[in-house]
Amino acid sequence: MEVLSYPWISAALDKLPRNARDLPGALLLTGRPGLGKRETVLFLAASLLCETPRQALQACGSCASCLLLKAGNHPDLRVLEIGQEEEGENPAEGDEERPKGSKKPAKTISVDRARALLDFVTITAHRGGTKVVCIVPAEALHPAAANAVLKMLEEPPGDTRFLLASHRPDRVLPTIRSRCFHLAIVLPGITPALEWLQKEGVDRPELALAQGGYAPLAARDLAGDEAYWERRKALLDSLASRAFDPVRSAELAEDIDGAVAATMLSRWAYDIFSLKSGGKVRYHLDYAADLQKRAASVAPEELRAWYEAVVRFGRVAQHPLNKRLAMESLFSAYPGS
């Protein structure tokens with residue numbers, strides 16, 4: 001089986017035992033989105049389940065267990081993550097078009113799915129070896145689900161290993177964190193990140209990397225998202241315009257996911273702050289000249305107040321009471337408008 005192809009992961013994996021059997025019973029990978037934590041968790045799961053004797057943190061790719069894993073039906077692996085679908089739930093009010101009993105994407109990991117692990121961890125492994133539970137991201141566990149997982153971590157039955165990943169470990173139940181070995185995945189340097197993106201065939205890798213928050217996988221995914229770049233250009237053009245129109249900007253922002261819009265705007269404010277303090281543009285590299293003009297014309301306190309308003313919007317961006325009204329209020333206070 002090929003090694004994990006993300007060079008920035010190697011330094012983190014070097015902190016782990018070279019033999020998969022010596023890995024901790026519960027491992028928590030932490031780091032910002034876009035660094036490959038999920039792929040690393042599955043890579044380690046494959047290493048644990050591989051049945052070929054070896055002294056390497058890498059599955060062989062050819063034994064019966066590895067073939068089952070490739071086929072997606074390994075009996076000794078369970079993966080809990082958001083985006084999986086829940087069955088048997090009634091459609092939400094106002095969603096009559098979705099019939100009862102149909103599936104819908106889950107935004108959290110439910111207690112029922114966590115409790116279902118109990119049968120899995122208590123029975124003997126089908127292949128006679130290790131059983132592996134992967135949870136991605138761990139902060140998505142419903143509070144009751146987190147408590148169910150905690151009980152399994154407190155008294156792990158048999159040879160069951162837990163591999164967790166988290167974008168926000170501060171939101172993971174503290175008692176779960178305390179029972180895990182922590183492994184941080186950090187941002188790579190800009191040069192190796194750009195080299196990797198170039199090998200992936202990403203156009204304008206510098207800008208893609210900046211827009212991905214300097215996380216290479218996020219940058220690669222954004223690079224191919226034409227809708228993102230079109231909507232971003234329309235919104236930032238409006239912010240850069242001398243004839244700034246808050247209503248028009250609110251209209252453009254309404255077409256963008258709330259959390260994405262909040263990130264885009266907070267980075268716009270960050271870049272202006274950076275320029276005012278003698279720094280350089282970090283995120284919106286293609287708008288450097290426009291940002292410089294804005295930095296020269298706005299007062300720091302006015303910019304700070306607007307940035308704080310953007311942050312407040314970001315906290316409720318997924319569920320604003322009235323997104324259009326919230327955006328109009330936000331843009332009406334845009335500094336220098």
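At 11% relative accessibility, Tyr214 counts as buried, because buried means under 20% relative accessible area, with exposed over 50% and partly exposed in between (1.4 Å probe, protein chains only). Tyr214 lies in the loop between H9 and H10; helices (H or I, at least four residues) and strands (E, at least two) are DSSP runs, numbered from the N terminus. Although Tyr214 is not a glycine, its phi is positive, at about 70 degrees. The structure is a predicted model, in which local features need pLDDT of at least 70 and side-chain atom pairs count only at pLDDT 80 or more, while totals for chains, interfaces and linings use all residues. Residues are numbered from 1 along each chain as its sequence is written, and side-chain values use heavy atoms, with hydrogens and water left out.

The protein chain contains 16 helices and 7 strands. Its C-alpha trace spans about 70 × 50 × 35 Å along the principal axes. Of the 337 residues in the protein chain, 44% are buried. Contact means heavy atoms within 4.5 Å. Among contacts in the protein chain between residues at least 6 apart in sequence, 69% join residues at least 24 apart.

In soluble globular proteins, nonpolar side chains tend to be buried together. A nonpolar core is a set of buried Ala, Val, Leu, Ile, Met, Phe, Trp, Tyr and Cys residues joined through side-chain atoms within 4.5 Å. The largest such core has 40 residues, and those with the most contacts inside it are Trp8, Leu16, Leu29, Leu44, Val132 and Leu163. Elements giving two or more residues to this core include helix H1 (7–13), strand E1 (26–30), helix H2 (37–49), strand E5 (131–136) and strand E6 (160–166). Its largest share, 6 residues, comes from H2. A second, separate core of 35 residues includes Leu236, Phe244, Leu252 and Ala317. When neighbours within four places in sequence are left aside, the residues in contact with Val132 include Ala45, Leu48, Leu49, Phe120 and Leu163.

Thr122 is located in helix H5 (residues 117–122). Thr122 and Pro157 are separated by 35 residues in sequence, yet their C-alpha atoms are 5.9 Å apart in space. Leaving aside neighbours within four places in sequence, Thr122 is in contact with Lys131 and Pro157.

The contact is made by Trp306, Ala309, Val310 and Phe313 of H15 together with Ala326, Met327, Leu330 and Phe331 of H16. These residues divide into 8 nonpolar, no polar and no charged; Ala, Val, Leu, Ile, Met, Phe, Trp, Tyr, Cys and Pro count as nonpolar, Asp, Glu, Lys and Arg as charged, and the others, Gly among them, as polar.

Most residues other than glycine have a negative phi, and most peptide bonds are trans. Arg204, in the loop between H8 and H9, has a positive phi near 45 degrees. A cis peptide bond, with omega about -15 degrees, joins Val136 and Pro137. Pro137 is found in the loop between E5 and helix H6 (143–154).
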